[in-house]
Amino acid sequence: MRESGRKQGAATPCAACKLLRRRCAQDCVFAPYFPADEPQKFASVHKVFGASNVNKMLQELPLYQRGDAVKSIVYEANARIRDPIYGCVGAISSLQHQIDVLQTQLALAQAEVVHMQMRQVSSSMSSNPATNSLENGSDKAIPISQTNKSLFNMDIMMVDQPNMGDSLWSC
């Protein structure tokens, strides 16, 4: 049966006590969070924050918050080892940049879809002159809703405009 991260009655030290080469007491604050089979977990935390500082942080927290605090401390320590200057902030910044790039690509793709739909509606209206009042001499535009064509269920007025060329839409 496991209690406090080690077997009852056994003298197996936790990863923290093993690294620090000290006897692991029954009430060791590290034992529940740094088991003996995960020595690298405490080694990175110790390298970045120091055992004494982590001990103080854990002592100041209520028991129910310590598990989450240890997860955060381990994550930050690993991030600091990978990127000593920015740590977690560097990872967050990189992910935010990726989100910005992907949002820009999505907006361009959506604009291209709308452009193609407009071109399709325009070509279908010009191929059927009976339904296009502009070609029949009328200067009023026909709403798309009257032509049984719809773009995102919106009423859009079609008017003849000079072709701007496809170079604006190619990326």
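**View 1. Arg80 and Glu76 join their side chains in a salt bridge, 2.9 Å from N to O.** A salt bridge here is a side-chain nitrogen of Lys or Arg within 4 Å of a carboxyl oxygen of Asp or Glu. This is a predicted model, in which local features need pLDDT of at least 70 and side-chain atom pairs count only at pLDDT 80 or more, while totals for chains, interfaces and linings use all residues. Residues are numbered from 1 along each chain as its sequence is written, and side-chain values use heavy atoms, with hydrogens and water left out. Arg80 and Glu76 are separated by about one helical turn, because they sit 4 residues apart in helix H4. Helices are DSSP runs (H or I, at least four residues), numbered from the N terminus. Arg80 is partly exposed, at a relative accessible area of 29%; buried means under 20%, exposed over 50%, and partly exposed in between (1.4 Å probe, protein chains only).

**View 2. Lys41 and Glu38 meet in a salt bridge of 3.5 Å, N to O.** Searching the whole structure gives 2 salt bridges. Both partners here are partly exposed: Lys41 has 26% relative accessibility, and Glu38 has 36%.

**View 3. Phe30, Phe34 and Phe42 are linked by ring pairs into a cluster.** Rings of Phe, Tyr and Trp (its six-membered ring) pair if their centres lie within 6.5 Å; planes under 30 degrees apart count as stacked, over 60 as edge-to-face and the rest as tilted. The structure holds 3 aromatic pairs. One of them, Phe34 with Phe42, is edge-to-face, with 5.1 Å between centres and 75 degrees between planes. Phe34 and Phe42 are both buried.

**View 4. Ala31 is found in the loop between helix H1 (15–20) and helix H2 (39–48).** With a relative accessible area of 1%, Ala31 is buried. Cys17 lies 14 residues away in sequence, yet 8.2 Å from Ala31 in space, C-alpha to C-alpha.

**View 5. Helix H5 (residues 88–127) has its end C-alpha atoms 58 Å apart.** The buried residues of H5 are Cys88, Gly90, His115, Val121 and Met125. These buried residues pack against helix H4 (63–82), where contact means heavy atoms within 4.5 Å.

Terms used. Helix = DSSP H or I, 4+ residues; strand = E, 2+ residues; numbered from the N terminus. Expected span 1.5 Å × (residues − 1).
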